[in-house]
Amino acid sequence: MPQLQSAYRRHHSTETALLIVLSDIYAAIDHQQVILLSLLDLSAAFDCVDHNILLCRLRTNFGVCGSALEWMETFLRGRTQQVFYRGHLSVRIVPLFGVPQESVLGPILFLLYTDELFHVIAECGFTAHSYADDTQVYVSTAASDHIDAIERLVRRIVCIRDWMARNRLKLNEDKTQVIWLGTCQQLSKATVQSLTLTNVTVQFSDVVNDLGVRLDSQLTMANHIAALSRSCFFQLRQLRSIKQSLTIEATKTLVHAFVGSRLDYCNSVLVGVSVRLLHKLEVIQNAAARIITGTKKYERMKPVLQELHWLPVRQQITYNTALLMYKCIYGLAPMMVPDRGYSQWIQSYSKV
């Protein structure tokens with residue numbers, strides 16, 4: 001499997017994909033560098049996979065041959081599609097492109113189809129990491145060399161676009177997001193705030209949405225927590241209006257589904273965030289607990305959280321981080337970059 005692809009794989013998730021990228025970014029910031037991060041957008045990626053190219057790639061790149069390759073070919077070819085609308089069926093067609101996303105095998109085939117993309121990106125010294133068709137391309141550089149980094153990124157995006165065109169995929173250049181990351185002092189030296197591609201000029205963003213987490217230039221996570229607060233309080237207001245019609249168990253289920261899941265999503269990236277920002281998440285958690293239990297506004301929340309078996313937000317982040325470390329030590333976490341020294345560090349830590 002592609003080493004830098006996190007989708008549809010055991011022990012891999014959007015959280016581990018973000019953590020490996022942020023780990024590289026924080027390491028570069030510690031060396032007084034700025035990071036140029038680009039988020040690439042593909043158009044209908046799963047529906048554009050060329051069957052002939054895919055079968056050739058399975059044979060030449062991954063050694064699939066004989067009856068196994070024939071079985072793959074029967075899986076891809078000969079499918080028919082129709083649309084039923086208002087009592088009428090459309091003409092039946094045989095698609096020549098695309099892998100079925102609803103199948104177990106379809107997404108895996110897409111990952112193998114796009115494996116060469118990482119080699120294209122690495123040729124110019126960039127690092128990439130993907131989750132399905134969401135690809136993060138980044139490079140660290142001294143602030144004084146930021147113009148050269150931009151020029152290299154433009155050339156690399158052109159190479160990516162050309163590779164995708166040869167493989168029947170389409171890169172949406174106008175939806176590409178680019179951002180500088182680093183400390184305030186280093187970012188002030190990065191004066192260029194746009195890059196020009198073939199058909200569009202892309203302005204650098206102050207905030208980007210990366211796999212559902214909003215990253216700002218200095219990685220304070222303030223924008224992410226603000227957006228999370230708006231979303232959660234909107235859901236709590238909707239639940240409060242129908243609470244009288246719900247049982248306690250139904251209320252608890254809905255709160256978990258619409259609020260708790262948002263608070264838990266990728267919260268390991270919040271390690272080191274200021275106490276002031278984490279307090280906003282604690283306010284959300286307390287409001288959710290009050291809706292379930294009917295606790296008054298000024299009552300102590302610690303006994304209520306204990307009754308619900310909820311860890312406070314700060315302890316939940318600590319717990320998730322400790323759980324990730326446990327998985328790293330015992331081989332249950334993705335080892336995506338064994339040459340970065342993590343394996344030796346984990347081995348020495350496990351001996352302790």
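1. Contacts of Leu 58. Leaving aside neighbours within four places in sequence, Leu 58 is in contact with Gly 63, Val 64, Leu 69, Met 72, Leu 109 and Leu 112. Contact means heavy atoms within 4.5 Å. Leu 58 sits in helix H2 (residues 51–62). Helices (H or I, at least four residues) and strands (E, at least two) are DSSP runs, numbered from the N terminus. Leu 58 counts as buried because its relative accessibility is 1%. The cut-offs are under 20% relative accessible area for buried, over 50% for exposed, and partly exposed in between (1.4 Å probe, protein chains only).

2. Basis of the model. This is a predicted model, in which local features need pLDDT of at least 70 and side-chain atom pairs count only at pLDDT 80 or more, while totals for chains, interfaces and linings use all residues. Residues are numbered from 1 along each chain as its sequence is written, and side-chain values use heavy atoms, with hydrogens and water left out.

3. Confidence. The average pLDDT of the protein is 88, and 95% of the residues score at least 70. pLDDT is the predictor's confidence in each residue, from 0 to 100. Over residues 337–352 the value is below 50. That stretch has 20 contacts in the model beyond near neighbours in sequence.

4. Overall fold. The protein has 13 helices and 10 strands. The C-alpha trace spans about 65 × 65 × 50 Å along its principal axes. Of the 352 residues, 44% count as buried. Among contacts with a separation of 6 or more, 70% join residues 24 or more positions apart. The C-alpha atoms of Leu 58 and Arg 300 are separated by 60 Å, at 242 residues apart along the chain.

5. Largest core. The largest nonpolar core has 53 residues. Such a core is a set of buried Ala, Val, Leu, Ile, Met, Phe, Trp, Tyr and Cys residues joined through side-chain atoms within 4.5 Å. Leu 36, Leu 58, Leu 109 and Leu 195 have the most contacts inside it. Elements that each supply at least two residues include strand S1 (34–40), H2, helix H3 (66–76) and H6. H6 gives the largest share, eight residues. A second, separate core of 48 residues includes Leu 236, Leu 239, Ile 284 and Leu 308. In soluble globular proteins, nonpolar side chains tend to be buried together.

6. Leu 195. Beyond residues up to four places away in sequence, Leu 195 touches Ile 150, Leu 153, Val 154, Val 178, Val 200, Thr 201, Val 202 and Phe 204.

7. Arg 152 lies in helix H6 (residues 146–166). Its relative accessibility is 18%, so Arg 152 counts as buried. Not counting residues up to four places away, Arg 152 touches Cys 124, Gly 125, Phe 126 and Val 139. Gln 235 is in helix H8 (residues 222–242). Gln 235 is buried because its relative accessible area is 16%. With the four-place exclusion, Gln 235 touches Phe 258, Val 259 and Arg 262.

8. Surface patch. Leu 311, Tyr 319, Leu 323, Tyr 326, Tyr 330 and Leu 332 make a nonpolar surface patch of about 600 Å². Patches take residues with over 30% relative accessible area and no salt bridge; like charges are joined within 9 Å, nonpolar side chains (Val, Leu, Ile, Met, Phe, Trp, Tyr) within 5 Å. A salt bridge is a side-chain nitrogen of Lys or Arg within 4 Å of a carboxyl oxygen of Asp or Glu. Tyr 319 is in helix H12 (residues 313–329). Tyr 319 counts as partly exposed because its relative accessibility is 46%.

Definitions and conventions
Areas by Shrake-Rupley, 256 points an atom, 1.4 Å probe, with all protein chains shown as cover.
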